[in-house]
Structures are given as C-alpha cells and as structure tokens.
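Student: Could we go through this model together, starting with the overall picture and then looking at the strands and a few backbone details?

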Amino acid sequence: MKKPLLQNEAFLFDVQKARQTTGPDGTEFHLWWLGQSGFLLQWRGKHLLFDPYLSDSLTKKYALTDKPHVRITERVVAPEKLDFIDVVTSSHNHTDHLDAETFVPLLSANPKLTLIIPEANREFVADRLGISTDLPVGLDAGRHVHFHGWDIHGVPAAHETIERDDEGRCKFLGYVVQFGPWTIYQSGDTVRYAQMAGILKQWPIDLALLPINGSKPERRVAGNLSAADAAELGRDIRARMVIPCHYDMFEFNTADPRDFANACDRLGVNGCILQQGERWSSSRLPPRH
C-alpha cells in the first residue's frame with residue numbers, strides 16, 4: 001500500500017507551518033490533496049474542506065462482496081485531528097463524498113463548522129450523519145452563499161447524468177469558490193455535459209480540481225471524467241491549472257495520472273499531479289494571459 005507524502009502529525013505540522021506563508025502580497029493560498037476528491041484549502045488562516053473521505057468505511061462495507069474496495073493509499077489523517085475547519089462540503093450522497101465516519105468526527109471536533117450540501121439532499125444528509133435537518137447549508141445550481149470569506153457557488157454535476165429532485169434541484173453539484181483574487185472549481189463527481197464549459201467560463205478559474213478515473217461499465221459504479229476529458233475541460237474553461245483527483249484510492253476504480261499528464265502536454269494545459277498529503281500553493285500558478 002502506498003503512503004501519503006505527508007501523513008498524520010507530519011501533515012498537521014505542514015498545515016500549521018503554511019499559515020505563516022502568505023506570499024509577498026499576502027494573498028497566497030495553500031491546498032492539500034487528501035485522496036479521492038478530498039482537498040483541504042487554506043487562505044488567511046481559514047480552512048475549507050472539500051468532500052473528505054478519511055476512513056475505511058467502504059473497505060469494511062464491501063469486504064465480503066464481489067466489489068471489494070481495496071485501498072491503494074493509506075489515510076492521510078484522522079478526521080478528528082482536523083479541529084480547525086471552518087467549512088466542509090459534500091457534493092453528493094455517495095459515501096466517498098458523504099462518509100459518516102468522516103463527517104461525524106469532523107462536526108464533533110468543529111462545533112461551529114459550516115456544512116455545505118446540495119439542498120436536494122438535505123433529508124438524506126441529516127439521516128446519514130444523525131444531525132438536525134436545520135444544520136446543513138443547502139445550495140443548488142445557480143445559487144451561492146458566503147461564509148468565512150468564501151463565496152461558494154453551486155454548479156451542476158452529471159454523475160453520469162444531471163439528476164434532479166421533484167422540485168428540480170440538482171442532487172449532484174460542483175462548487176466554484178471565490179476568495180480574495182482567487183477562484184477554484186471543485187467539480188465533485190461528473191462527466192462532461194453539453195453546457196458545462198459555458199457555465200464555468202463565467203468565472204476566471206485559477207485552479208480546477210477534476211476527477212480522472214473515467215467511466216467503465218464493468219466497475220458497476222457511476223463514472224467520471226477520464227484523464228483526457230479532464231485535460232480538455234481544463235482547456236475549454238481556461239483554467240490556469242488543473243489538479244487531477246479520484247484515483248489511487250481503490251484498486252477497482254482508479255486511473256494512471258500519467259495519462260492525464262500526457263493529455264495536458266498534448267493540449268497545452270497546465271496540470272499538476274500531487275501525491276496524497278502533498279501541499280500545493282498558489283505561487284505555482286502560471287501567469288494570467
């Protein structure tokens with residue numbers, strides 16, 4: 001099994017150390033990949049956690065089935081150790097994006113935590129996490145909220161289609177987060193759909209966090225962007241940088257990041273492959289054109 005680049009106390013020390021680094025203009029932000037679609041975003045002492053999966057719940061759940069979820073990489077950090085989180089997102093209800101064994105300890109360790117979810121999933125989220133239905137902040141495509149210095153916009157995600165509830169609200173979302181001079185797009189789980197690039201081009205996206213595990217029917221799970229799809233979407237939305245995710249977690253549902261790197265080279269896209277537990281900083285962004 002692979003080890004994260006930074007793990008446990010070493011990871012927490014790096015997060016603490018990064019708080020002292022804000023760049024020459026005081027606006028530098030930092031990002032760590034936590035595995036699957038989970039990322040920790042740090043800016044000016046505030047922390048936003050995208051879609052964390054920090055347990056072995058799926059490995060235990062499917063251990064004796066015909067679809068075992070065998071881990072490839074060890075966990076970066078225990079969720080209860082992240083006692084400094086201001087905002088956490090869940091993009092949809094699949095366990096690797098809404099894991100009770102991750103979210104319940106997070107909520108306990110951060111009593112003032114703001115939980116962002118698709119409004120369509122409110123009842124499901126409350127039931128899974130054992131919380132009041134009033135606690136989460138619900139979003140839908142075309143809506144946005146502001147918390148702790150983050151402007152968070154909901155955009156549709158198609159996993160593998162755009163699904164809506166009876167009131168027309170999206171069950172799967174991506175999130176565009178704006179803060180200071182920066183804009184980050186975390187797609188959640190999605191394939192590409194017809195209006196996707198047009199929707200996203202309304203924002204000047206500095207960094208796009210996109211899955212690359214693709215869509216293979218034999219896996220018997222909903223699919224995502226492939227490595228080539230992610231590079232093409234990054235090009236079409238004019239993202240300054242693309243970081244791939246949603247691989248190297250489970251043996252049956254992964255991808256080779258070298259395919260993403262090759263696609264970026266072919267298309268002239270700036271891509272950056274991280275190890276789990278690795279820090280990436282905005283000082284690595286290429287200049288705006």
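Tutor: Here are some questions and answers on the structure above. It is a predicted model, in which local features need pLDDT of at least 70, side-chain atom pairs count only at pLDDT 80 or more, and totals for chains, interfaces and linings use all residues. Residues are numbered from 1 along each chain as its sequence is written, and side-chain values use heavy atoms, with hydrogens and water left out.

Student: How many helices and strands does the protein have?

Tutor: Both kinds of element are DSSP runs numbered from the N terminus, with helices being H or I of at least four residues and strands being E of at least two. The secondary structure comes to seven helices and 13 strands.

Student: What radius of gyration does the protein have?

Tutor: The radius is taken over C-alpha atoms, and the globule rule is 2.2 Å times the number of residues to the power 0.38. For 289 residues that rule gives 19 Å, and the protein comes close to it, so it is as compact as a globular protein of that length. Its radius of gyration is 18 Å.

Student: Which strands stand at the edges of the open sheet of six strands?

Tutor: The order in this sheet is β7-β8-β9-β10-β11-β12, with mixed pairing; two strands pair if DSSP finds at least two bridges between them. Each edge strand has a single partner, so one side of it is left without a neighbour in the sheet. The edge strands are β7 (144-147) and β12 (241-245).

Student: Which residue of β11 stands opposite Gln 186?

Tutor: Gln 186 belongs to β10 and is also the bridge partner of Tyr 175. On the β9 side, five bridges join β9 (residues 173-179) to β10 in the antiparallel sense. On the β11 side, three bridges join β10 to β11 (residues 207-211), and these two run parallel. The residue opposite Gln 186 in β11 is Leu 209.

Student: How many residues of β10 are buried?

Tutor: Buried means under 20% relative accessible area, exposed over 50%, and partly exposed in between, with a 1.4 Å probe and protein chains only. Trp 182, Ile 184 and Gln 186 point one way from β10, Thr 183 and Tyr 185 point the other way, and all are buried. In β10 (residues 182-186), the buried residues number five of five.

Student: Is His 148 buried or partly exposed?

Tutor: His 148 is in the loop between β7 and β8, and has a positive phi of about 55° although it is not a glycine. Most residues other than glycine have a negative phi. At 33% relative accessibility, His 148 counts as partly exposed.

Student: What is the relative accessible area of Gln 36?

Tutor: Gln 36 is found in the loop between β1 (29-35) and β2 (38-43). Its phi is near 55°, a positive value in a residue other than glycine. Gln 36 is buried, with a relative accessible area of 1%.
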